[in-house]
Amino acid sequence: MLIDRVLTAIILIPLVIIALFFAPLSLFSYLIIVVCGLAAWEWTNFLAMTKPVNKIIFTFSVVMLLSLVYLIPNTELIKYTLFKYIICLSIIWWLFAFLMVIGYPNSAKYWSNSLLIKLLFAFFTLVPFFVGMIELRSINYTFNAYTGAVWLLYVFVLVWATDTGAYFVGRALGKRKLAAKVSPGKTIEGFLGGVGSAILISISVYLTGYFQLSFITFILSSLLAILVSVLGDLTESMFKREAGIKDSGNLIPGHGGILDRIDSLTAAVPMFAALSLYLF
C-alpha cells in the first residue's frame, strides 16, 4: 500500500506541477475537461451502465457540457455570475452528501435505485470541480500567470497532507472507526492526524504573506476545504460500496481510477474557491 502511494506520487506530482505552471490557461482548461471526461467514464460504474454505447453517451455529454460552460459566448459578467452560482451550489451538495454518508446504508434507499438522482450527483460533483479549477487558476492571470497556479497547488497540498497524515497516523494509532459502514479502513485518529497536519501547513503558508486574504478568511476557507476533502473521499467510497466495486476504474494500473485520485479534490477545490473568492 505504501509503495503504491509513493509510486503514484512520483508519477503524478510532476505531471500536476507541469500542468499547473506551464500549461496556458486555455490548454489547462481543456486538460481538466479531459480529466473530468475520464472521471465521467468511471462514474458510469455507479450508474450501473454496462453497455459501451451508454458509457460513451454519458461521457460525451459531460465533456460537451463542460466545454459549453467554458466556452459560453457571453459577457464576462454573465460567466462570472454563472460560475459563482455553480460553485456556491456545490456547498449545498456536499452538505447533502454529508447526510448521506452518516446515514449510510439507510440513506441509500432514497437514491440507489434512481438514475436521475445519481446523474445529479455526477453533475454536482464534476461541474463545480471543473469550474473551481478554472476560477482558481484564472486568479490574476492577466498580470501574473502563476498566481492561480500557486492557489491551486496550495489546495492540492492541503488535500495531499490530509490524506498522507491520515494514512500514517491511522496506521500507527488508529483504533476507532470513522465511518465503518462506508470505509472500514479509516479511523478517527487518522482523520484527526490528517486534519492536524493540513492545518499546520495552512498556518505556515499564511505566515509567508503570499495570500492577500484576512487570517479568518484564509484559515476558515482552508479548514473547510480540508474537512470536505475527507467527505469527498468518503462519498466516493459510499458510491463504490453501493455499486459493489473496489475501485472506480483501472485507468491507472495498480492504483485504481481517476476518481480514486481526485475524489477529495472534487470537494476541496470548489469549497475553497466558493469561500475564499465569493462568500468570505
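Helices here are DSSP runs of H or I, at least four residues, and strands are E runs of at least two, numbered from the N terminus. A48 is not a glycine, yet its phi is positive, about 60°. A48 is also exposed, with a relative accessible area of 62%. Exposed means over 50% relative accessible area, buried means under 20%, and partly exposed lies in between (1.4 Å probe, protein chains only).

Some ground rules. This is a predicted model, where local features need pLDDT of at least 70, side-chain atom pairs count only at pLDDT 80 or more, and totals for chains, interfaces and linings use all residues. Residues are numbered from 1 along each chain as its sequence is written, and side-chain values use heavy atoms, with hydrogens and water left out.

N140 is another residue other than glycine with a positive phi, near 55°. Look for N140 in the loop between α5 and α6 (147-173). N140 is partly exposed, at 37% relative accessible area. Then there is the peptide bond between Y104 and P105, which is cis, with omega about 10°. P105 belongs to the loop between α4 and α5.

Now helix α2, residues 25-43. Which residues of α2 are buried? The list is L25, F28, S29, I32, I33, C36, G37, A39, A40, E42 and W43.

For C36, the nearest cysteine sulfur is that of C88, 18 Å away. Seen from C88, the closest cysteine sulfur is in C36, and 18 Å is too far for a bond. C36 is buried, at 0% relative accessible area. C88 counts as buried too, because its relative accessibility is 17%.

Next, helix packing. Two packed helices are described by the angle between their axes and the distance between the axes. Axes are lines fitted to C-alpha atoms, for helices over the stretch in contact, and angles run from 0 to 180 degrees between N-to-C directions.

Take α3 (residues 52-71) and α5 (residues 115-137). They pack at about 40°, with axes 11 Å apart. That makes α3 oblique to α5. Under 35 degrees would be roughly parallel, over 145 roughly antiparallel, 65 to 115 roughly perpendicular, and the rest is oblique. The α3 and α5 crossing is right-handed. Handedness is left if the near helix is turned anticlockwise from the far one by less than a right angle, and right if clockwise.

Now α4 (residues 76-103) and α8 (residues 215-243). Their axes come within 10 Å and cross at roughly 55°. So α4 is oblique to α8. This crossing is left-handed.

Last, the record. An unreviewed UniProt entry lists "transmembrane region" for residues 12-41, 53-72, 84-103, 115-134, 146-169, 190-207 and 213-232. UniProt positions follow the numbering used here, feature names are shortened, and annotations may be inferred rather than shown by experiment. What does the model show over residues 84-103? The chain there is 100% helix and 0% strand, with end C-alpha atoms 30 Å apart. Residues 146-169 are 96% helix and 0% strand, and their end C-alpha atoms lie 34 Å apart.

Methods:
A disulfide is a pair of cysteine sulfur atoms within 2.5 Å.
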